[in-house]
Amino acid sequence: MKLIFTFFCVLFFCSGKAQPIDSLALTDFSDAVLELQNSDLMRNGTLSVSVKSVLDKKTVFAINSEKSLPSASILKLVSTATILSILGGDFRYQTFLEYDGFVNKDTLNGNIYIRGTGDPSLGSDRFKEYPSSAQLIARWTAAIQKAGIKYIKGDVLADASYFDTKTLADSWIWGDLGNYYGAGVSGLNFNDNQYKIKFKPGVGEDDPAIFQGIDPSIPYLIFQNHVATGERGSGDKTVVYGNPLSNQVILTGTVPRGVPTFSVKGSIPDPAAYVAYTLKQSLSNTIRIIPETLTFKLAKPASMLSTRKILDEYKSPPLREICQQANFWSVNLYADSFLKKAGKTLEGKSDYDDAVKAVTNYWWNRKADMRGFFIKDGSGLSPSGSVTTNNMTDILSLATKEASYPDFYKSIAVLGVNGTVRNLGKGTKAAGNIRAKSGSIERTRAYAGYVTTKSRAVLSFAIIANKYQQESSRIVSEELVRIMTLLAQL
């Protein structure tokens, strides 16, 4: 009883300026939190919760809110809030098709360049009103033809120099890198930096699964297939091992039996090189490139940029739409690209470490408590990166004061309605009333976002359950949803 009394006296606070919180509902909420924290589910772990009024950042409830814990994907809220605050929702990335040298009649004595500025959405199928990767290749091919070029005495080069060459965070684990969610960030991204791998499962369990190729085709990748057939309905249990420094890809794990084909997704090792290769292949059908080879190269950083001429300029969807995709569907590539873009814009440095410092300082200067904010990337994929729930609710509260807040708020999925939280809290008062980002990595489950109380006050919240019993993952998730449901009744 003494422990609970201390929590109530020290950790509950309702500002006199803020709209009142239902005290009985707050008691029910706090009882549920303490019950989970003291349960066998969290015997070896930590439950951290922070709830604040966005009006004045005053704490409504907190427990272990200054413990620095793995963020998982709720970190994407920081990345999207930051980039929207810096650039605004109307911002559009630009990608350029250029050439250097000179055109003599129908011959280009020079090189073709595809120059990126970090657009993570380039060629993505997520944006139906914008060209797909295949449509962009066709568009660029047509632009070169329109310029009257029939011969190229040079090469087709990818210019990804807008960002640094370190596409992956050092803290990402080896088992993630070749999978679609472990795609690295380039100055020139393409097709969400991913491809589909097709398998034909065997008849029985443990039978070899036949590798049937990838889409889109990337002929220079070499695959070693060790994937077997798993239980019916077991889903995707494959692991794709690859990295940007090699064209070797190793496939392991299982795909389910009982289906004619099964597809999984891998990450393109070097998306910029892939763009150059694909455009060069497309051009070879109608334009002679001398020397005649389908090898690909990267342009040197800012090589002769002032002498290049633009053949085509492509603009991305508005930033608000890209941020919504990042938060609704937890797209790591987008969030990590936002981190690098923020670092580049704020400090002129896009490598992960310097970009992290820039983002940390950005919110520190806005009076957020950044103690314990030890992130390693922008997506939360790194298991060694950590935040406090107090960091999260401070940043979320401060984000409401930014001009970009309406776009940021709309970028967060609605519990029980859409995004990764669409199936949570259905039939409760939380459904339709909580904007939340979910997050999950090994033995960590997290939620963060905003809730509107019965008195119409807006609260920021963050919940992280870390190191719970692995076999109890489903139960812990249900308990966290129950806590959010009670939060919606304040």
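Tutor: Buried means under 20% relative accessible area, exposed over 50%, and partly exposed in between (1.4 Å probe, protein chains only). The model is predicted: local features need pLDDT of at least 70, side-chain atom pairs count only at pLDDT 80 or more, and totals for chains, interfaces and linings use all residues. Residues are numbered from 1 along each chain as its sequence is written, and side-chain values use heavy atoms, with hydrogens and water left out.

Student: Are Arg308 and Glu98 buried or exposed?

Tutor: Their side chains meet in a salt bridge, 2.9 Å from N to O. A salt bridge here is a side-chain nitrogen of Lys or Arg within 4 Å of a carboxyl oxygen of Asp or Glu. Both Arg308 and Glu98 are buried.

Student: Which residues are linked in a network with Glu98 and Arg308?

Tutor: Glu98 and Arg308 pair in a salt bridge. The network of salt bridges also takes in Arg115 and Asp159.

Student: How far apart are the closest N and O atoms of Arg320 and Asp90?

Tutor: Arg320 is partly exposed, at 27% relative accessibility. Asp90 is exposed, at 60%. Their salt bridge brings the closest N and O atoms to 2.7 Å.

Student: Where does Asp407 lie, given its link to Arg320?

Tutor: The side chains of Asp407 and Arg320 meet in a salt bridge of 2.9 Å, N to O. The pair links distant parts of the chain, 87 residues apart: Arg320 is in helix 6, Asp407 in helix 10 (residues 405-410). Helices are DSSP runs (H or I, at least four residues), numbered from the N terminus. So Asp407 lies in helix 10.

Technical notes: Helices (H or I, at least four residues) and strands (E, at least two) are DSSP runs, numbered from the N terminus.
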